[in-house]
Amino acid sequence: MRAFDNYNKELNRVFDSFYTRVNHPYIKRFLEDPVVDADQAAVLFYMLKDKGYSRQYIHDCILTAMFVQAALDTHETVNVHGLGTETLKTKRQLTVLAGDYYSSLYYYVLAQLGDVPLIRVMAKSIQDINESKMSIYKQHKKKYKPGIRELKNVYTSLLKNIAVFTGSADRVALIEEFFLFKSLLAERDLFLDHGYCGKALNLFCGSSEIKLNSLNEKFIIDQFNIYIEASMIELEKLLRHNNGSADFIQLRYDELIQKYRLKEQCAVEEG
Amino acid sequence: MKLTDIYWYLRPDIIKIEKEIEKNIDARHPVLEEASSHLLKAGGKRIRPVFVLLAAQFGNYDLNTIKHVAVPLELIHMGSLVHDDVIDDAELRRGKKTIKSKWDNRVAMYTGDYIFAKAIELATYSDDPKLHHILADAMVEMCIGEVEQIRDQFNWQQNLRIYLRRIRRKTALLISVSCHLGAVVAGATPEVQRQLKRYGYYVGMAFQITDDILDFVGTEKELGKPAGSDLAQGNVTLPALYAMERDRHLNYKIVSFLQQSGTEAIDMKSVIHQIKQTGAIHYSKKVADMYLNKALSALEPLPESQAKEALTQIAKYIGDRKF
């Protein structure tokens, strides 16, 4: 298995650029800095490196993908209804504007570089993600019911589209499954610890607004576990064909398995 | 004379642009589709595409090329209105329910994001790399301008420079970009591009200053909201700035109101009356006229044409605007 030492230095350069650019003193007074998904950045790094892209291109591609993700994640936190106190009102207003600002940055950086094709990839990804988010959020009883495909789209359309664009379409299935797996684990944690209703829960319950009771809480946790186990099985199948190109995902998968003690859980359930 | 009368001869092309906008905001999900077209159906002057079309007439006018600018610019404007309504918690726009009111903030955010992304995607079908430099730069500036408007709400320590910078980003920039990009994609000479960019900027500044004047002198019926709404919401505009400089008593009244972030009631009728007494409206009108004259000067070197005449008339229309 390859060493992963170098990627930290390269990614830290990207993260530095990211935090410098997103910094706005007034926004900072009300909002936390956006959180970057280091796994997303690392997967992109290795994918592009393996295809022989230049250091600078890799830097710019990851940076702009992070702006897009930050914009989407920030907008996801805008409260659904109501104003609240003056401070909450200002916070809501700035959450909308911060997301728009981060989004404008991906366009700005790529426009300066003249990379119009990559601009199109980012723009289409944002559209895909919002389509899927809407599918899950506003489920249409009579039309097509969203499923795990929509959830995967929300988590991975950006990476997937970049993969296809840069000649790594063969990695899409693995990328989709890994980030689905990781996101389900994270959302399950947030639900258990804080009662947080994320995309997965929207999907399971057909609604974003549910009154929690012991029955449906059990249902929700069961759903999470079913999908996590299914994703685990699929991931292991895909990783069996790893020829070295998925070493990073293998490493992270192993770490997540250990962190959540998933193999032990399965053994206990199989009893 | 109505604004649309000034550029009546462009009507067939404006209809084509409208159809392009309609075609491009379709979406797979029915709520996203309905929300995206909701704002389109509420109407609007489509003034930014009009500026693009008029500016393009100073170069090689080809609607198939120009639409890659005209449509994205209108979509960017639409997307910003969707998000603005979430920011302002607005229930109505152009007499119809806003997206956030008809559905909720989440639907409005997804719709706005979708429309913005669609706009950028459509712009990428233009071959001209300069287009993206100009447009992206403007989008960053507009975002910063919006953030600073929030920051400056209820800020009594403002001055003319802060106000002008704010309205430049908020209004003038997108109009300037519309004129500039119309000329760019039509391959107009750099000098013509420069003049049209300047024209758009000056017209945009005049437009916003006029809007800010009308907020004090218009009636509720004309404005669709109570007079003095800007100040009531903590937005200190040019007439208020001038009046506060001139009248110490009024200054104290407004500063006290702003310091309380609008939580204490203010007799707006009396404040408006006092603002008028200081000559602030007359002064603000002079500033708006100064920008309009600069806009007309920017047009002077351009060759005589129907487009030049239309741009001249638009500038004069803005100057004469009552509501």
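Domain bounds here come from an automatic or database domain assignment. For chain A, that assignment gives domain 1 (1–114) and domain 2 (142–271). This is a predicted model, in which local features need pLDDT of at least 70, side-chain atom pairs count only at pLDDT 80 or more, and totals for chains, interfaces and linings use all residues. Residues are numbered from 1 along each chain as its sequence is written, while chains are lettered from A and ligands numbered from 1 in the order in which they are written.

**Between the domains of chain A**

- Domain 1 of chain A brings 18 residues to the contact and domain 2 of chain A brings 16, where a contact means C-beta atoms, placed from the backbone, within 7 Å.
- On the domain 1 side, α3 (38–50) and α4 of chain A are the elements that give two or more residues; helices are DSSP runs of H or I with at least four residues, numbered from the N terminus.
- The largest share of that side, 9 residues, comes from α3(A).
- By class, the domain 1 side divides into 12 nonpolar, 2 polar and 4 charged residues; Ala, Val, Leu, Ile, Met, Phe, Trp, Tyr, Cys and Pro count as nonpolar, Asp, Glu, Lys and Arg as charged, and the others, Gly among them, as polar.

**Helix packing in chain A**

- Helix α4 (residues 55–76) and helix α6 (residues 116–137) of chain A pack at about 25 degrees with axes 11 Å apart.
- α4(A) and α6(A) are therefore roughly parallel (angles under 35 degrees).
- Residues making this contact include Cys61(A) and Val68(A) of α4(A), and Met122(A) and Ile129(A) of α6(A).
- In total, the contact of α4(A) with α6(A) has 7 nonpolar, 2 polar and no charged residues.

**Where chain A meets chain B**

- Here 41 residues of chain A are in contact with 37 residues of chain B.
- The largest share of the chain A side, 15 residues, comes from α5(A).
- That side of chain A has 19 nonpolar, 14 polar and 8 charged residues.

**Positive phi in chain B**

- Most residues other than glycine have a negative phi.
- Arg46(B), not a glycine, has a positive phi of about 55 degrees, and its place is in the loop between α3 (30–41) and α4 (47–56) of chain B.
- Arg46(B) counts as buried because it has 20 C-beta neighbours inside 10 Å (buried takes 20 or more, exposed 12 or fewer, partly exposed in between).
- Phe154(B) also has a positive phi, near 60 degrees, and sits in the loop between α8 (129–151) and α9 (160–185) of chain B.
- With 17 C-beta neighbours inside 10 Å, Phe154(B) counts as partly exposed.

How values were computed
Axes fitted to C-alpha atoms, helices over the stretch in contact; angles between N-to-C directions. Parallel < 35°, antiparallel > 145°, perpendicular 65-115°, else oblique. Contact = placed C-beta atoms within 7 Å.
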